[in-house]
Amino acid sequence: GKNPAFHVGKVYAYFADQIAKSIATELNCECTVILISQNKAPLLSPQRIIIQLSENRSQKEIQRILERVFSQNWI
């Protein structure tokens, strides 16, 4: 069965929300984040991360935010 406390949908929804809020606040633009998992793959490494922004922003800034959000919350 599924673990309701650590279900991939709940975990990824939380992280997508945290990433989108951080990007929107720090880079001053609208943001949508989608995290995609793969069956039997480790939960800690999404297969894909899709980020859509309302305006062009630096990849380095986005990567920095991603790394920070994941490192702060996986512990």
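## Core, rings and charges

Of the 18 residues in the largest nonpolar core, those touching the most other members are Phe 15, Ile 19, Ile 23, Leu 27, Val 33, Leu 35 and Phe 70. Such a core is a set of buried Ala, Val, Leu, Ile, Met, Phe, Trp, Tyr and Cys residues joined through side-chain atoms within 4.5 Å. This is a predicted model, in which local features need pLDDT of at least 70, side-chain atom pairs count only at pLDDT 80 or more, and totals for chains, interfaces and linings use all residues. Residues are numbered from 1 along each chain as its sequence is written, and side-chain values use heavy atoms, with hydrogens and water left out.

- α1 (8–27), β1 (31–36) and α2 (59–73) each supply at least two core residues, and the largest share, eight residues, comes from α1.
- Helices (H or I, at least four residues) and strands (E, at least two) are DSSP runs, numbered from the N terminus.

**Aromatic rings**
- Tyr 14, Phe 15 and Phe 70 form one aromatic cluster.
- Phe 15 is buried, at 3% relative accessible area, while Tyr 14 is partly exposed at 38% (buried means under 20%, exposed over 50%, partly exposed in between; 1.4 Å probe, protein chains only).

**Salt bridges**
- The structure holds four salt bridges (a side-chain nitrogen of Lys or Arg within 4 Å of a carboxyl oxygen of Asp or Glu).
- Glu 26 forms one with Arg 68, the closest N and O atoms being 2.5 Å apart; this pair links helix α1 to helix α2, 42 residues apart.
- Arg 57 forms a salt bridge with Glu 55, with the closest N and O atoms 3.1 Å apart.

Key:
Rings of Phe, Tyr and Trp (its six-membered ring) pair if their centres lie within 6.5 Å; planes under 30 degrees apart count as stacked, over 60 as edge-to-face and the rest as tilted.
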